[in-house]
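Notebook open, new model on the screen.

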Amino acid sequence: MSEFWLISAPGDKTNLQAWEKMNTVTSKSNLSNNSKFHIPDLKVGTLDALVGLSDELGKLDSFAESVIKKIAQYIGEVMEDSKDKVQENLLANGVDLISYLTRFEWDMAKYPIKQPLKNISEALAKQVTQIEADLKTRSAAYNNIKGNLQSLEKKTVGNLLTRTLADIVHKEDFVLNSEYLITLLVVVPKSSYLQWQKTYESLSDMVVPRSTKMIAEDAEGGLFTVTLFRKVMDDFKAKARENRFMVREFYYDEKELKCEKEELMKLASDKKQQYWQLLLAACLSTSLRNGFMVPTVSGELHLAHKTEAWEQQHDLPKGPLLRWLKVNFSEAFVAWIHVKALRVFVESVLRYGLPVNFQAMLLQPNRKSVKRLRDVLNVVFKHLDEVAAASIMDPGMDIPGLQLSNQEYYPYVYFKIDLSLLD
């Protein structure tokens with residue numbers, strides 16, 4: 001199960017005994033896997049500031065999660081040929097997300113704990129906002145190139161009525177530079193080949209005898225040339241259409257065909273170049289972000305090189321764009337979990353008071369035991385808030401001032417972490 005519960009309760013002797021009881025019950029009944037979640041001694045500030053920060057962190061939590069999901073889903077798009085390996089590529093600091101979460105350690109270098117909580121929160125918000133802005137800019141540019149390329153590529157795989165003819169026709173197939181004659185291209189269904197050969201010369205006046213030749217064929221029909229006088233062209237097109245022969249609106253222009261081929265090659269080249277631009281821009285912009293709060297270019301490139309080696313080992317698609325997404329996914333995920341840690345700290349201080357003394361715990365519920373686990377937690381910690389515990393045990397109880405409909409509220413501090421980022 002990819003859902004985790006990050007909870008906290010006071011750290012005094014009575015509650016430590018409650019922790020032990022909870023661990024014993026959940027372990028014996030296989031309700032959840034539990035581990036301590038270590039949060040350092042942060043600067044508390046004033047209670048008024050904590051109340052305001054609590055609201056801001058709630059919004060930042062939702063925003064950071066949405067950015068992470070966007071990056072994860074974009075990684076899935078980039079790895080469209082290896083969908084089954086996308087989850088393996090969602091790493092945080094080089095390890096899988098569950099390992100990072102269950103072994104969480106506050107990053108003192110990125111987020112020094114001697115600064116006010118407000119500063120840490122603002123740095124995290126700035127960091128995640130910048131990642132989202134970078135992702136928008138680069139994904140828009142990449143998708144634009146990819147869309148143009150796909151549009152042109154579709155022309156090479158369509159039927160003879162719609163696909164590009166740049167790689168099919170040749171100069172010698174046409175009568176060119178004639179004041180009186182013109183060569184048309186006609187798509188004829190396979191079932192009508194014989195009819196075409198028998199009737200094309202009589203569809204209108206002034207059709208050059210024995211001028212037809214099939215120059216291409218697909219599963220539905222063939223592409224035939226026919227030469228006639230320009231002045232009967234409209235009449236020939238009308239009669240051809242009556243007989244289910246479709247004239248392609250095509251006139252041989254060597255320069256135009258050359259330009260079309262070059263455009264296709266250029267877009268393919270631009271797509272590759274975009275990969276490199278995305279990585280370079282990402283590394284440069286990220287190194288300038290938030291000062292000490294963000295890894296250096298060399299650090300990110302080191303992670304990128306490690307990722308590349310991992311890709312080669314596992315035979316995954318390579319490319320700087322994918323590595324950029326991985327690096328920034330890791331950075332955003334790490335920031336998100338630090339936001340969660342901040343929320344637990346702030347809510348624990350507001351709930352349990354000063355001096356700061358609480359224990360945070362990470363629970364991974366067994367999928368089949370979620371309700372029972374919640375009941376066990378409510379029983380173990382009901383002494384922290386008897387009124388809230390009673391309302392949970394009896395959902396029909398109406399308690400003024402306690403709006404359980406707006407958010408989940410329990411006797412203990414609780415936040416959910418859902419790692420189902422590709423859903």
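This is a predicted model: local features need pLDDT of at least 70, side-chain atom pairs count only at pLDDT 80 or more; totals for chains, interfaces and linings use all residues.

Entry 1. I looked up helix 6 (residues 233-242) and found M233, F236, K237 and A240 buried, where buried means under 20% relative accessible area, exposed over 50% and partly exposed in between, with a 1.4 Å probe and protein chains only. Seen down the helix axis, these buried residues fall within an arc of 100 degrees, so they line one face of helix 6; the arc is taken from the directions from the axis to the C-beta atoms.

Numbering runs from 1 along each chain as its sequence is written, and side-chain values use heavy atoms, leaving out hydrogens and water.

Entry 2. What do the buried residues of helix 6 pack against? I get strand 5 (181-189), helix 5 (193-199), strand 7 (221-229) and strand 8 (246-248). Helices (H or I, at least four residues) and strands (E, at least two) are DSSP runs, numbered from the N terminus. Just after helix 6, R244 has a positive phi of about 65 degrees.

Entry 3. Next I checked the largest nonpolar core, whose 61 residues include F37, F329 and F333, the ones touching the most other members. A nonpolar core is a set of buried Ala, Val, Leu, Ile, Met, Phe, Trp, Tyr and Cys residues joined through side-chain atoms within 4.5 Å. Helix 9 gives the largest share of this core, 18 residues.

Notes. Contact means heavy atoms within 4.5 Å.
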